[in-house]
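Hello,

Here is the structure I promised to pass on to you.

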Amino acid sequence: MNFSGLGMTSPRARQRLVKRLQQMGVSDPRVLEVMRDTPRHLFLDEALASRAYEDTALPIGSGQTLSQPFVVARMTEVLLLDGVPDKVLEIGTGSGYQTAVLAQLVPHVYSVERISRLLDQARERLRELGLHNVRLKYADGHEGWPRYAPFDAIIVTAAAAQIPPELLQQLAVGGRLVAPVGPAYSQQLEVYERRTSGIKHYSLGGVSFVPLLEGLD
Ligand code: SAH
């Protein structure tokens with residue numbers, strides 16, 4: 001996607017960020033290219049925009065955060081391991097940055113958010129970027145999105161003590177779910193793969209996400 005003309009400032013800062021992601025072990029060229037080209041500063045308040053290309057989580061209001069670029073890259077890369085999934089469900093739209101990254105890599109993105117202010121802002125940003133292959137829903141992500149299930153991939157960007165069972169049920173055979181699991185601010189990034197023979201599960205290491213909350217804000 002070419003986003004030039006949308007205030008694509010600091011190309012050098014973005015190039016540095018991609019270099020850092022590579023040094024940290026992100027190797028999928030598709031993910032690196034999209035992260036180089038996606039204007040992360042447009043997903044932040046102006047006061048924070050100058051920090052947009054640091055590899056750090058940043059506040060987006062309502063006590064929520066835009067995830068650290070390394071974590072966005074890592075989770076995205078995992079979803080693309082066996083080729084491009086057709087339909088991806090995201091729980092926790094937040095700023096819409098992870099949504100925008102996904103929308104440039106897969107045909108169909110579905111994303112659910114429980115804070116309407118964040119969802120409205122994300123909708124506007126995705127529209128401005130011309131990313132039209134995204135459907136957004138104001139709902140509690142614990143329920144997934146039954147109407148469009150099953151999904152070839154599911155990404156949860158807020159942490160639960162356990163994966164909501166509805167999400168695993170909405171994962172297609174051959175599909176993969178990635179989610180932070182554990183107590184507030186100290187979780188393991190867990191991967192679940194649905195096989196015909198059952199669910200395979202492994203862990204990718206420590207992460208720190210805001211909690212997956214119950215109900216609507
Ligand atoms: N992917 C986002 C990360 C935002 S932080 C980004 O790139 O900006 C996690 C988000 O999950 C927050 O916006 C929070 O409101 C949302 N969230 C928490 N619990 C939720 C739930 N049960 N259903 C839907 N969204 C939820």
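**Salt bridges and two helices**

Let me start with a pair of side chains: Glu124 and Arg127 meet in a salt bridge, with 2.9 Å from N to O. Please keep in mind that this is a predicted model. Both residues belong to helix H5 (residues 116–128), where they sit 3 residues apart, about one turn of the helix. Glu124 is partly exposed, with a relative accessible area of 35%, while Arg127 counts as exposed at 51% relative accessibility.

How many salt bridges does the structure hold? There are 9. Another of them joins the side chains of Glu54 and Arg51, at 3.2 Å from N to O. Glu54 is partly exposed at 34% relative accessible area, and Arg51 is partly exposed too, at 35%.

A further salt bridge brings together Glu193 and Arg195, at 2.5 Å from N to O. Is Glu193 buried or exposed? With 7% relative accessibility, Glu193 counts as buried, because the limit for that is under 20%. Arg195, at 38%, counts as partly exposed. This pair is also part of a network of salt bridges that links Asp82, Arg176, Glu193 and Arg195.

Which residues of H5 are buried? They are Leu118, Leu119, Ala122, Arg125 and Leu126. These residues cover an arc of only 130 degrees around the axis, which puts them on the same side of H5.

That buried set packs against strand E1 (58–61), strand E2 (64–66), helix H4 (97–103), strand E4 (108–113) and strand E5 (134–138). Just after H5 comes Gly130, with a positive phi of about 75 degrees.

Two of those packing partners, E1 and E2, run antiparallel and are joined by 3 bridges. Gly61 stands opposite Gln64 in E2. The hairpin made by E1 and E2 has 2 residues between the strands, and Ser62 in this hairpin takes a positive phi near 55 degrees.

**Helix H1**

Helix H1 (residues 11–23) has 13 residues, and from its first C-alpha to its last it reaches 18 Å, close to the 18 Å expected at 1.5 Å a residue. Its buried residues are Ala13, Arg14, Leu17, Val18 and Leu21. Looking down the axis of H1, you will find these within an arc of 140 degrees, so they line one face of the helix.

What covers that buried side of H1? The cover includes helix H2 (29–37) and helix H3 (69–79). On the face turned away from the buried side, H1 carries the exposed residues Arg12, Arg16, Lys19 and Gln23. After the helix comes Gly25, whose phi is positive, near 110 degrees.

Conventions. Residues numbered from 1 in each chain as written. Predicted model: local features only at pLDDT ≥ 70, side-chain atom pairs only at ≥ 80, totals over all residues. Heavy atoms only, no water. Salt bridge = Lys/Arg side-chain N within 4 Å of Asp/Glu carboxyl O. Buried < 20%, exposed > 50% of the residue type's maximum accessible area, 1.4 Å probe, protein only. Helix = DSSP H or I, 4+ residues; strand = E, 2+ residues; numbered from the N terminus. Arc of directions from axis to C-beta. Contact = heavy atoms within 4.5 Å. Pairing = 2+ DSSP bridges. Expected span 1.5 Å × (residues − 1).
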